[in-house]
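Hi everyone, thanks for coming. Today I'd like to walk you through one protein, so please have a look at the sequence and the model on the screen.

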Amino acid sequence: SKFIDATDAIKSIGTNVTTAGESGLDRLNVGMERVAQASARSDRLLRASREAVAEKLRIQRLLTRLDALLCLPKTLRCDISEKRHRKAVKSYKSATEILGRHSAGFESLRSIEAECGEILKGLAEDLKKKLLWWGQADSGMSALSQSAVPPSSIAEIFECAGTLLMLQDTAFSPGLDRSQCQSLALSACTQFLKERLDPGRAVSFTPMNSPPNSPSRTQQLDATENNDEDMTG
């Protein structure tokens with residue numbers, strides 16, 4: 001009889017568990033349906049507000065772009081004065097598409113496009129003269145520019161050459177292909193390192209046709225006199 005009682009008890013437990021499980025699943029299903037209904041109701045109520053926020057964000061992005069376009073000439077001049085030439089060209093290229101698409105209908109944008117074009121044209125000409133002078137200083141090419149300044153570092157040389165490469169596919173192409181830019185940059189780096197290792201060669205970057213009383217010409221004469229004294233001494 002104990003065995004029969006135990007069997008009945010086990011059957012009773014299984015029935016209770018099955019009933020409790022089905023009841024729990026039913027409650028869970030009802031809860032999930034309520035959550036879905038509440039979510040759909042919230043979505044309908046907040047849709048207008050969400051669309052308004054999205055529109056305001058879109059307008060804010062457009063105003064930010066417009067402000068960047070209006071300040072583009074100033075930005076280019078600032079980058080160029082800080083010798084961030086590649087950054088200036090990159091900024092111009094990113095704005096070219098917008099300027100080309102909308103400048104025809106807005107006088108202010110046409111003016112900005114023309115001003116930026118003049119800035120980039122001057123930059124290309126200046127960098128080309130510098131690289132030619134730096135890269136061919138030992139070949140009598142120092143007369144290319146009386147106002148050129150010797151490079152302060154190898155990074156400046158590569159900044160110059162890299163900027164000219166970026167301008168190749170634009171209306172401001174310097175007329176130097178990749179191999180020419182690379183050759184001039186390597187030659188300029190070689191000359192720069194020679195001057196750092198041998199200070200007596202520092203005159204090679206100084207334009208020979210500088211005015212007699214100019215600082216560069218004075219430095220050149222002083223260096224020549226010092227070299228003569230060393231040789232005679």
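Let's start with a question: leaving aside its neighbours within four places in sequence, which residues is Leu 76 in contact with? Take a moment to find Leu 76 on the screen. With those neighbours set aside, Leu 76 is in contact with Ala 88, Ser 91, Tyr 92, Cys 116, Ile 119 and Leu 120.

Before we go on, please keep in mind that this is a predicted model.

Now the overall picture. The protein has 7 helices and 0 strands, and along the sequence the pattern reads α-α-α-α-α-α-α. Of its 233 residues, 26% count as buried. If we take contacts between residues at least 6 apart in sequence, 60% of them join residues at least 24 apart.

Back to Leu 76. The largest nonpolar core has 33 residues, and Leu 76 is among the members that touch the most others, along with Leu 99, Leu 120, Ile 157 and Leu 164. Which helices supply at least two residues each to this core? They are α2 (72–81), α3 (85–102), α4 (107–135), α5 and α6 (178–197). The helix that gives the most is α4, with 12 residues.

Next, how helices pack. Two packed helices are described by the angle between their axes and the distance between the axes. For α2 and α4, the angle is about 15 degrees and the axes are 9 Å apart. That angle is under 35 degrees, so α2 is roughly parallel to α4. The crossing of α2 past α4 is left-handed. On the α2 side, the contact is made by Leu 72, Pro 73, Leu 76, Arg 77 and Ile 80. On the α4 side, you can pick out Ile 112, Glu 115, Cys 116, Ile 119, Leu 120 and Leu 123. By class, the residues of this contact are 9 nonpolar, no polar and 2 charged.

Let's set α4 against another partner, α6. Here the axes come within 7 Å and cross at roughly 55 degrees, and the two helices are therefore oblique to each other. This crossing is left-handed. From α4, the contact uses Leu 131, Leu 132, Trp 134 and Gly 135, and from α6 it uses Cys 181, Leu 184, Ala 185, Ser 187 and Ala 188. This contact has 7 nonpolar, 2 polar and no charged residues.

Now for two threonines. Is Thr 163 buried or exposed? Thr 163 sits in helix α5, which covers residues 154–166. Its relative accessible area is 0%, so Thr 163 is buried. Beyond its neighbours within four places in sequence, Thr 163 is in contact with His 85, Arg 86, Val 89, Leu 123 and Leu 127. Thr 96, in helix α3, has a relative accessible area of 34%, so Thr 96 is partly exposed. The C-alpha atoms of Thr 96 and Glu 113 are separated by 8.1 Å, and these two residues are 17 apart along the chain.

One last stop: the loop between α2 and α3, where you will find Lys 83. Most residues other than glycine have a negative phi. Lys 83 is not a glycine, yet Lys 83 has a positive phi of about 65 degrees. With a relative accessibility of 43%, Lys 83 counts as partly exposed.

Terms used. Residues are numbered from 1 along each chain as its sequence is written. This is a predicted model: local features need pLDDT of at least 70, side-chain atom pairs count only at pLDDT 80 or more; totals for chains, interfaces and linings use all residues. Side-chain values use heavy atoms; hydrogens and water are left out. Helices (H or I, at least four residues) and strands (E, at least two) are DSSP runs, numbered from the N terminus. Buried means under 20% relative accessible area, exposed over 50%, partly exposed in between (1.4 Å probe, protein chains only). Contact means heavy atoms within 4.5 Å. A nonpolar core is a set of buried Ala, Val, Leu, Ile, Met, Phe, Trp, Tyr and Cys residues joined through side-chain atoms within 4.5 Å. Axes are lines fitted to C-alpha atoms, for helices over the stretch in contact, and angles run from 0 to 180 degrees between N-to-C directions. Angles under 35 degrees count as roughly parallel, over 145 as roughly antiparallel, 65 to 115 as roughly perpendicular and the rest as oblique. A crossing is left-handed if the near helix is turned anticlockwise from the far one by less than a right angle, and right-handed if clockwise. Ala, Val, Leu, Ile, Met, Phe, Trp, Tyr, Cys and Pro count as nonpolar, Asp, Glu, Lys and Arg as charged, and the others, Gly among them, as polar.
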